[in-house]
Amino acid sequence: MRHAAPDRDRPDPSAPPPPPRLAFFLAYLQVGLSGFGGANAWMRRVIVEERGWLTEQEFAEYLGVSQILPGPNALNCAVMIGDRFHGTVGAVLALLGILGGPLVPLLGIAGIYAQFGSEPMVAATLKGLAAAAAGMTIGTALKISTRLRPGLALTAVGVCAFVGIGLLRLPLLAVVLALTPLGILAAWWSAPWRGSVQ
Amino acid sequence: MTGGTLALLIQLTLVFAPLSLAAIGGAIAVLPEIQRQVVEIHGWVTADSFMDLFALAQAAPGPNMMVVSLIGWQVAGVVGLLVATIAMVGPPALLALALGRLRARFAGLSWVRVTQAGLIPIALGLNLASGVVLAQAAHQGVTTLVLTLGTTLFVWLTRWSPLWTLAIGAVAGMAAS
């Protein structure tokens, strides 16, 4: 149980010091540059797995909150994580890295595509890349899920979200609106799993 | 900058800034509306090149919303690219900044923590669904299926960099053509 007044920069007194600004920017540049097929998966890979700046739980919380906001989830996550470590400057650094990094390769690929896009080999290469990128998105979601070990109730909510959008193709807004109260209920139900909620 | 270019840039902003706030769940959610505005209403690009630009934004690194950057680039060059990107990113980023601060401020309250915990499985379910939808879009027989399943297991069960499987995917796609 934690009673300490929350502090924006140091949510937990035992938390490690924030990463230096340059290292933080470079990490987001890496996320942007390698972010084939979904920046979320790469952000988790770089920030949680490689650098260890956030725990799996902390990252998943940012992911959860950013989906109720408009705009790309990955960018919302980047803004909030940047702000956590370095305030507004951190948010701007994260955005510059994640968007600025891929800009040059994107324009390069667009140029190549404009010239060779009709070649079947180019299309086939892109298909292979897209298939692997899809697997990366699926694998990352499964990895976070198995690491967080949610209880039965929370797992059921996640499965509903997946079935509603992935299989039934229901409208996103309706699914999120319907499942949010159920998710909160499930989290309340399984609060002992989180240890510190009460 | 000519008056015509300036007018174009203002139009780009007026199209993308409001759309950015409607994009709950990411740019994919407003993709049909982006197409309607860009292809049908303003005629900035043809329907075919719109699909090409989207495929490129998916194939290239970076968030999928960068299709908007590419449209800006097609419409008004590098300035157009910057203006379209900022219009699409700026408004949600400001909201995220505000919500992030509120969240940190009230992180100690138990209902805030329960709410956050309740949103996590929805986010994971949606991510999983995006992966499956993308896999279906990329599906083209056994090769792509094996690539998707192989990468899934590789990322799920190992700590090695997924860049390897992406490279294998590109090479396998090329070889299968």
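Is B:Glu33 buried, exposed or partly exposed, and what is its relative accessibility? In this predicted model, where local features need pLDDT of at least 70, side-chain atom pairs count only at pLDDT 80 or more, and totals for chains, interfaces and linings use all residues, side-chain values use heavy atoms, with hydrogens and water left out. Residues are numbered from 1 along each chain as its sequence is written, while chains are lettered from A and ligands numbered from 1 in the order in which they are written.

To take the opening question, B:Glu33 comes out as partly exposed, at 27% relative accessibility. Buried here means under 20% relative accessible area, exposed means over 50%, and partly exposed is in between (1.4 Å probe, protein chains only). The partner of B:Glu33 in a salt bridge is B:Arg36, with 3.1 Å between the closest N and O atoms. A salt bridge is counted when a side-chain nitrogen of Lys or Arg lies within 4 Å of a carboxyl oxygen of Asp or Glu. B:Arg36 is partly exposed too, at 38% relative accessibility. Both sit in helix α2 of chain B (residues 31–41), and because they are three residues apart there, about one helical turn separates them. Helices are DSSP runs (H or I, at least four residues), as are strands (E, at least two), numbered from the N terminus.

Elsewhere, salt bridges that share partners tie A:Arg44, A:Arg45, A:Glu49, A:Glu50, A:Arg51, A:Glu56, A:Lys143, A:Arg147 and B:Arg159 into one network. Within this group, A:Glu50 pairs with A:Arg45, the closest N and O atoms being 3.1 Å apart. A:Glu50 also meets A:Arg51, this time at 3.4 Å from N to O. As for accessibility, A:Glu50 is partly exposed at 37%, and A:Arg51 is partly exposed at 31%, whereas A:Arg45 counts as buried at 10%. Over all chains, the whole structure holds twelve salt bridges.

Turning to A:Met80, this residue lies in helix α4 of chain A (residues 73–116). Leaving aside residues up to four places away in sequence, A:Met80 touches A:Tyr62, A:Val65, A:Ser66 and A:Leu69, along with B:Ala96 and B:Gly100 from chain B; contact means heavy atoms within 4.5 Å. A:Leu172 is 92 residues from A:Met80 along the chain, and their C-alpha atoms are separated by 23 Å.
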